[in-house]
Structures are given as C-alpha cells and as structure tokens.
Amino acid sequence: MDRVTIVLAGATGDLGGRIGLALLHKGAEVRAIVRPGTSAAKRKFLTDHGITLIESDYEAPSLRAACEGATCVVSALNGLENVMLGQQGDLLDAAVAAGVPRFIPSDFSLDYTKTRPGENRNMDLRRRFRERLDAASIQATSVLNGAFSTVLTEDAPILLPKVRRVLHWGDADQVLDFTTKDDVADFTADAAMDAAAPRDLRIAGGSGSPQDIARIASEVSGRAYRMMRAGGMGRLGLAIRTARTVAPSSGAVFPAWQGMQYLRDMMSGRGQLTRLDNSRYGKTDWTDIRAMIADLS
C-alpha cells in the first residue's frame, strides 16, 4: 500500500503542530505549508520530526504545487476573515485544482451548525467557509470537538481555582463538551487518512455540567468548589454587547467578548455535541473531564 500524503496548513501553530506529529506517528507523509518568514526554530522543529516543508505565501502556483499528489489537505489555520476565508479559501482552490480528493477545514469547535448566525463572530466565519467548501468539487470532513480543555481556565474561564468557584451563565445542569488538543490532533489524523470519513465528525474527550465540574474539582483538589452564577442568557448577551462597545474593532482572534460569545453557545446548549463519533477509529485513551480538571485545579 502506498504511503498516504497529507498536506497540512498551520503546522507552526499549537494545534497544527500536534496534528502533524500525530499524522507522522500513524505513518503518513506530511507536507507542511510554511510562509517565507517562518522562523528557523519552527522550521527545524518540523523538519527534525520528518515533516517536509513547502514554502508558500499563499499564492496559487505554490499552493497547487504543494497539493499535487496529496490524498487530503488539512487546515489548522487560525485567524479572522483574511485567514479563515481568504488564505483557507486559496488553499481550498489549490486543492481542487490539484485534484486532491479530500479537505478538512479548520473548524475544531463546538457544533456551529446548530448555533444562531450573527451571535458568534468566529462561528460565522466557519459557517461562511462551510458554504464555499460544500459548493466545491471535493469531499469535506469537519471535526467538531466542543471546546478545547484550555477554555476551562484560560480563553473563556469557567473553572476559577484561585477563588475555588465555577462560573456559569444560565442552567447549572447544562452539559458542556471539552477535548484536549492532543486528542483532537490524534482523531483528526485518523480522519485525514480515512477516505470514507463523513461530512461531520463530533468528538468530546469529556462532558459535564457546571455542577459536575464543581463536584469533580472539589474531589480532585480536596478543596470545596462552589457555583457562581453570573446571570441568565439575556444578561450574558448584554455583557457581550457592552464588551463589544468598549472594544468594537479588536483585531484579536479571541478577545474577551468572543470568549463570552463562545460561552453563550455552550451554556445555552445550542452548540452541544450529539451522536459522538469517539469510537470510529478505535481510540480509547481519551482524556476525560476528571483528568482535565485534575491538570488545571
């Protein structure tokens, strides 16, 4: 059997690098698209692990050349419209032009297919790219993983170890989905090598409500965690509008108000994952919610 060749965009990023290593571990040949200005340290890290570098400034000829003969293109690009629609769109066009059979976009999020347009900027970008991808002559697979486990204490903090509280909006029994980046990368690598992968794959390493998170944090830390309800969905919406007024043109990918938008989609239940595909590739070493909390609390 010929070795599978995967083209990877965003390999110098955190998630992209993990995907590249997971693909190598599974026996794939990995070509990483890197920009001309990529640091020597990042280039060395990739090449030392056996990843082939293809330099491109995201112009059509070099992108198409990078895609020639590949079985799948995986995008782990991260950014705003110029990246998620512009650069990722150029990558899609190159994959189609080169006859690549499959494309995995940089979705890696909660289930944005069920959320409300206009209520989450970053999910709206994914929704717009999805329309373009579905209209292209290529097979697509999105990996939806809820929130990365780091959201528990960093990007949109829920678990607050310093004050031993669990912050939530709305219903304290609403189930929230989390997955570590390593588990997302491992599963994505399997999906990239699966010619029969469906349009959407939904995974969650661990799921639990704010009540569950408080209970588990108390158990693993030996210190009592209490609930801290900030309000309902209406109050959260008001907080988002206020934050956007204060910083209306933030160029950050994940400013405070974007984190709040993500929490709204999680805690309203609209972005909750259903019909999980965790078992599709026989993966059994998922990091569960207890292990995630133990690492953070």
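I started at Thr115, whose side chain reaches the backbone oxygen of Tyr112 at 3.0 Å. I note that this is a predicted model.

**Entry: Thr115**

I placed Thr115 in the loop between β5 (102-104) and α5. Is Thr115 buried or exposed? I found 6% relative accessibility. Buried means under 20%, so Thr115 counts as buried. I then looked at its side chain again and found a polar contact of 3.3 Å with the side chain of Arg127. Leaving aside neighbours within four places in sequence, I listed Leu110, Met123, Arg127, Asp265, Arg270 and Gly271 in contact with Thr115.

**Entry: α5 and α9**

Next I took helix α5 (residues 121-135) and helix α9 (residues 256-267). They pack at an angle of about 70°, and their axes are 8 Å apart. I therefore call α5 roughly perpendicular to α9. Which residues make the contact? From α5 I noted Arg121, Asn122 and Met123. From α9 I noted Trp257, Gln258, Gln261, Tyr262 and Asp265. I sorted the residues of this contact into three nonpolar, three polar and two charged.

**Entry: the cores**

I looked up the largest nonpolar core, which has 32 residues. Ile6, Ile19, Leu23, Val74 and Phe108 have the most contacts inside it. Two or more residues each come from β1 (5-9), α1 (14-25), β2 (29-34), β4 (72-75) and α6 (181-192). The largest share, six residues, is from α6.

Not counting residues up to four places away in sequence, Val74 touches Ile6, Val7, Leu8, Ala9, Ile19, Ile104, Thr188 and Ala192. Apart from this core I found another, of 31 residues, including Leu110, Leu152, Met266 and Met292.

Definitions and conventions. Residues are numbered from 1 along each chain as its sequence is written. This is a predicted model: local features need pLDDT of at least 70, side-chain atom pairs count only at pLDDT 80 or more; totals for chains, interfaces and linings use all residues. Side-chain values use heavy atoms; hydrogens and water are left out. A nonpolar core is a set of buried Ala, Val, Leu, Ile, Met, Phe, Trp, Tyr and Cys residues joined through side-chain atoms within 4.5 Å. Buried means under 20% relative accessible area, exposed over 50%, partly exposed in between (1.4 Å probe, protein chains only). Helices (H or I, at least four residues) and strands (E, at least two) are DSSP runs, numbered from the N terminus. Contact means heavy atoms within 4.5 Å. Axes are lines fitted to C-alpha atoms, for helices over the stretch in contact, and angles run from 0 to 180 degrees between N-to-C directions. Angles under 35 degrees count as roughly parallel, over 145 as roughly antiparallel, 65 to 115 as roughly perpendicular and the rest as oblique. Ala, Val, Leu, Ile, Met, Phe, Trp, Tyr, Cys and Pro count as nonpolar, Asp, Glu, Lys and Arg as charged, and the others, Gly among them, as polar. A polar contact is a pair of N or O atoms within 3.5 Å; within protein, one must be able to donate a hydrogen and the other to accept it, and residues adjacent in sequence count only if both atoms are side-chain atoms.
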